[in-house]
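Here is a short report on charged side chains that pair up. Look at the sequence and the model, then read on.

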Amino acid sequence: MEIREQRDGRLARGGQTRARLLDEGLRLFALKGYDAVTTREIAAAAGVNQAAIHFHFQGKDGLYEAVIDHVARLLLDLHAASAESSGPDAPGAREHLAARAASLLRTPRSRWMTLLLQRECIMPTPGFERLYDKALRPILEGLSEVAEDAAGCPRGGFENTALSFCLFILLSAFARNRSTFLRWAGKDDYSSSDIQAVSGFVADFLLAGLRRDRGAAPRD
C-alpha cells in the first residue's frame, strides 16, 4: 500500500510539474515568441529544474509542440461548444450563427492563447501546420457547411472557402478583441443583453453577406 501511495504521489507531482511547464511555456512563447524564450527561463518561471523540460517534453521543441496541441484543443473545444449550442433541431442558419456568436462571447478565453494564435498566424513557425491541422482546418470545415447551407455555394469552391473564412473571422472577433469593442462601446464587460444583441447583429450581418446578390431563398 505504501509503495502504491508513493508511486501515486510521484505521478501527481509529475503531472503538476508538466502542467506548470505548459502554462509558463504558453505564457512566455506568447509574450516573446519561440526563438526568444529559453528553457532556463521557462523552468525558472515554473519553479522547477531545467531538466524537467527534457524529462517531460524531450526539450524545447517538444514543449512547444505540447503548447501548440494544448492551444489547438482549447480552440477546437471552444468552437465545438459554440456549434453545439444551437442544438440539432435549430430552426435555421440565423439561429445557428447567433448561438455560435453568443457561446463565443460567453466563454472566457486565455489571453495567452489568443496572443500565441496571433503570433502563429502573423509569423508562422513550424508549429502553425500542427495548429492548422488539429484545430483551424476542422473549424473552417464546419463553417463551410454553414456557408453552403446559407448561400448555396458548394463546399470546395473558392467562394465557399472565402465565405467560411469570413464567418470564422467575424465570429471570433468580438471574443478575441473584446477589450477594443468594450472600450469603443463604453462598457466594462458584456452583459447578458449585450451578448444577445451582438449575437443577433453578427448573425444578421453574416447572413446578409452570405446571401447577397444571389437571390438565395432563406433556408431557415
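## What counts as a salt bridge

A salt bridge is a side-chain nitrogen of Lys or Arg within 4 Å of a carboxyl oxygen of Asp or Glu. The model here is predicted. A search of the whole structure turns up 10 salt bridges.

Start with arginine 27 and glutamate 24. Their side chains form a salt bridge, with 2.8 Å from N to O. Both residues sit in helix α1, which covers residues 2-32. They are 3 residues apart, about one turn of the helix.

How accessible are the partners? Arginine 27 is partly exposed, at a relative accessible area of 26%. Glutamate 24 is buried, at 18%, because buried means under 20%.

## A pair that links a loop and a helix

Aspartate 189 and arginine 178 also meet through their side chains, in a salt bridge of 2.7 Å, N to O. Aspartate 189 lies in the loop between α9 (178-185) and α10 (192-210), while arginine 178 belongs to helix α9. The pair therefore ties together parts that are 11 residues apart in sequence.

Aspartate 189 is partly exposed, with 46% relative accessibility. Arginine 178 is partly exposed too, with a relative accessible area of 24%.

## Another pair, and a network

Lysine 187 and aspartate 194 make a salt bridge of 3.4 Å, N to O. Is aspartate 194 buried or exposed? Aspartate 194 is buried, with a relative accessible area of 14%. Lysine 187, at 38% relative accessibility, counts as partly exposed.

Elsewhere, salt bridges share partners: they join Glu65, Asp69 and Arg130 into one network.

Technical notes: Residues are numbered from 1 along each chain as its sequence is written. This is a predicted model: local features need pLDDT of at least 70, side-chain atom pairs count only at pLDDT 80 or more; totals for chains, interfaces and linings use all residues. Side-chain values use heavy atoms; hydrogens and water are left out. Helices (H or I, at least four residues) and strands (E, at least two) are DSSP runs, numbered from the N terminus. Buried means under 20% relative accessible area, exposed over 50%, partly exposed in between (1.4 Å probe, protein chains only).
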